[in-house]
Amino acid sequence: MNANSPSPAPLSPRPLHHAAGVRGQVMTARQLREHGVAAADAAQRCRPGGPWQQLLPGVYLLHAGPPTPQERLHGALLYAGRAPGRATVPGQTRGTTASAPARDAAPDPYGDAMLTGLAALALHGFAAAPPLLALDRIDVLLPRTRRLRSTGLARLVRAHTLPRPARITGLPVAPVPRALADTVAVLTDAADVHLLLTEAVRGGHCEAASVVRELSRARLLGRPHVIDAVDTLIAEGRALAEGRLYDMVDVHALPDPLWNVDLRLPGGPHLGGVDAYWPDHAVAVEIDARTPRRTSHDDRALWSQYAKKRETLERLGITVVHVTPRGLREALEQQAEVVRGAMLASAEREQAAHVVVLPR
């Protein structure tokens, strides 16, 4: 070799010396090229006994030995989020010119991809989900139009419409209801399904209705082991909502109501049941117990029954306050103020008709 010729590139290129943390230890082929590492160089480092290894097609682990759970998550997202063609900055369509601020913005290396399934539930803190280290596959949710295949540790789940992800430890993670649906889709053990669905509601991660809605969209409600778990889930959600209603009355110093009663006119027809009733103020509270298990026709019919009962009671001078399990969980004080306001307004209303109150 000529003494004046340039020396060959070092085995570990200088541009990588600053890389630290999970993102610095897992890179795509494209990211490596940006650091001056050609595909042939990466392949050389991934030979048996070499310092690197290929985690997934086009995704490299820049150290020997097994990947950490975070590196596996990061690698699966990088594989699923690889741009199918020339990259564009967020919000820019192909063939258009980006504005100066957009050019300065770094594109998300994960694209639209997000973690789902058991990996997502583990990140959301589910005790019933296996630890990340025990997962053989990492489920990643991505648009249905992406032409990628599941391979290695990455199992791809496709969706027509993607939910808005949460960011947990810097990673995009599907919301709990969607992650549950993607998990239940591949589970066959009724006990596992029951544990996960129950923890979702009992642990305060989400409301029963949102879980059932996602299971319905995924067409999973016809499976026997799912139906049984959903029945328990709805009962659990209803009990929690009632408990929060009791807390609302106690914590926010509302007068004690009559709990879980039926109303009817003296010698007349049944008017319907309510969850709480203050006869001195003619104010009733009803928890919206509708669930998406029904067809859209059944749901409209049920809402029509709600509306008809409310209209009948209010025509008799009884104010009906509808609350949702989510409202009781996330905005208890606001719900209490609505009820308190209805009580205060009762002094300015005409006296309500006398109704008979019976235990439900």
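## Cysteines, a mixed sheet and an aromatic pair

Cys46 has 21% relative accessibility, so this residue counts as partly exposed (buried is under 20% relative accessible area, exposed over 50%, partly exposed in between, with a 1.4 Å probe and protein chains only). This is a predicted model, where local features need pLDDT of at least 70, side-chain atom pairs count only at pLDDT 80 or more, and totals for chains, interfaces and linings use all residues. Residues are numbered from 1 along each chain as its sequence is written, and side-chain values use heavy atoms, leaving out hydrogens and water.

The table sets out accessibility for some residues.

| Residue | Relative accessibility | Class |
|---|---|---|
| Cys46 | 21% | partly exposed |
| Cys206 | 5% | buried |
| Tyr246 | 34% | partly exposed |
| Trp259 | 29% | partly exposed |

The disulfide count is 0, taking a disulfide as a pair of cysteine sulfur atoms within 2.5 Å.

Now to the sheet. Five strands form an open sheet with mixed pairing, in the order β12-β11-β10-β9-β13; strands are DSSP runs of E, at least two residues, and helices runs of H or I, at least four, numbered from the N terminus. Two strands pair if DSSP finds at least two bridges between them. β12 (319–323) and β13 (356–359) are the edges, each with a single partner strand, so one side of each lacks a neighbour in the sheet.

Finally, the search of the whole structure gives 1 aromatic pair, with ring centres of Phe, Tyr or Trp (its six-membered ring) within 6.5 Å; planes under 30 degrees apart are stacked, over 60 edge-to-face, and the rest tilted. Tyr246 belongs to helix α10 (residues 224–251) and Trp259 to strand β9 (residues 258–264), so the pair ties together parts 13 residues apart in sequence.
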